[in-house]
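Here are my notes on this one, written as numbered points. Have the model open while you read.

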Amino acid sequence: FNQIVNNLAKTHYRWGEKTDVVVRMPTGAGTGAGPFHSQSNEAWFTKTPGLKVVYPAFPSDVKGLLLAAIEDPNPVLFFEHKYLYRNISEPVPDQFYLTEIGKARLVKEGEQFSIITYGLGVHWALEYLNQNPHLSAELLDLRSLQPWDVEAVERTIKKTGRALILHEDTMTSGFGGEISAHLGEHCFQYLDAPVMRCGSLDTAIPMNRALEDNFLAKARLAETIDRLLAY
């Protein structure tokens, strides 16, 4: 941790040298691996100037963002969700290509509200929306957390007027708080309801699978969407 947040993050500032290091970060719950191996640690690093942080949700983005991270002269933390390794597949182009760091992906267009998320949260949202086809939601996959795509987030909120920020990390000090604060400060006039966050419980992650399911933000996603639409 010290080598990442002090040495890697500050080398360019101190000496003007590039630090083209990619740190691959296994992350996330869903496999019953308990409080150590199931943590979501991205917020520890997004506040550190000098680090870039990416967190893909689809195999095609994994390849494009990993190649972009290798090409980037800055240190990049590349979060890889262990549950998605085992459950998500799609065709991935054979050729070399780069996915720009800092650009979100609009996964689904809609009119009623916007879900802003990343990682496993993208697939939780897709599952919920597929089960509730009467809802018209815009689904934005951030893909990158540092830098994050401010323009894409503002664009979807100006379109729908309602924001739900979903992440697997615990609620307190999760990265969603940064987006919520930005929307409150810069997009208040476009909002028809308070910005709502849906995160995991502020506890250690249980080893027991039933308790883990209750811990995760997915357990409160439907309730949060209901409150957002009822406002």
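1. First, a term for what follows: helices (H or I, at least four residues) and strands (E, at least two) are DSSP runs, numbered from the N terminus. With that numbering, S173 sits in the loop between β8 (163-170) and α8. Phi of S173 is near 65 degrees, a positive value in a residue other than glycine. Is S173 buried or exposed? Its relative accessible area is 63%, so S173 is exposed. Keep in mind throughout that this is a predicted model.

2. Now the overall picture. The protein chain has 10 helices and nine strands. Its radius of gyration is 17 Å, close to the 17 Å from the globule rule for 231 residues, so the chain is as compact as a globular protein of that length. Buried residues make up 53% of the 231 residues. As for contacts with a separation of 6 or more, 78% of them come from residues 24 or more positions apart.

3. The relative accessibility of R143 is 11%, which is under the 20% cut-off, so R143 counts as buried.

4. P147 belongs to the loop between β7 (144-146) and α7.

5. Then comes α7 itself. Which residues of α7 are buried? They are A152, V153, E154, T156, I157 and T160. The cover over these buried residues includes β5 (113-117), β6, β8 and α8. Just after α7, G161 takes a positive phi of about 80 degrees.

6. How do α7 and α8 pack? Helix α7 (residues 150-160) and helix α8 (residues 176-186) meet at an angle of about 60 degrees, and their axes are 11 Å apart. The two helices are therefore oblique to each other, and their crossing is right-handed. On the α7 side the contact is made by V150, V153, E154 and I157, and on the α8 side by I179, H182, L183 and H186. By class, that contact has five nonpolar, two polar and one charged residues. V153, E154 and I157 turn up here and also in the list of buried α7 residues.

7. The other helix pair to check is α6 with α10. The axes of helix α6 (residues 120-131) and helix α10 (residues 221-230) come within 11 Å and cross at roughly 65 degrees. Angles of 65 to 115 degrees count as roughly perpendicular, and α6 and α10 are therefore roughly perpendicular to each other. This crossing is right-handed. From α6, the residues W124, A125 and Y128 meet L221, A222, I225 and D226 of α10. The residues of this contact divide into six nonpolar, no polar and one charged.

Terms used:
Residues are numbered from 1 along each chain as its sequence is written. This is a predicted model: local features need pLDDT of at least 70, side-chain atom pairs count only at pLDDT 80 or more; totals for chains, interfaces and linings use all residues. Side-chain values use heavy atoms; hydrogens and water are left out. Axes are lines fitted to C-alpha atoms, for helices over the stretch in contact, and angles run from 0 to 180 degrees between N-to-C directions. Angles under 35 degrees count as roughly parallel, over 145 as roughly antiparallel, 65 to 115 as roughly perpendicular and the rest as oblique. A crossing is left-handed if the near helix is turned anticlockwise from the far one by less than a right angle, and right-handed if clockwise. Contact means heavy atoms within 4.5 Å. Ala, Val, Leu, Ile, Met, Phe, Trp, Tyr, Cys and Pro count as nonpolar, Asp, Glu, Lys and Arg as charged, and the others, Gly among them, as polar. The radius of gyration is taken over C-alpha atoms; the globule rule is 2.2 Å times the number of residues to the power 0.38. Buried means under 20% relative accessible area, exposed over 50%, partly exposed in between (1.4 Å probe, protein chains only).
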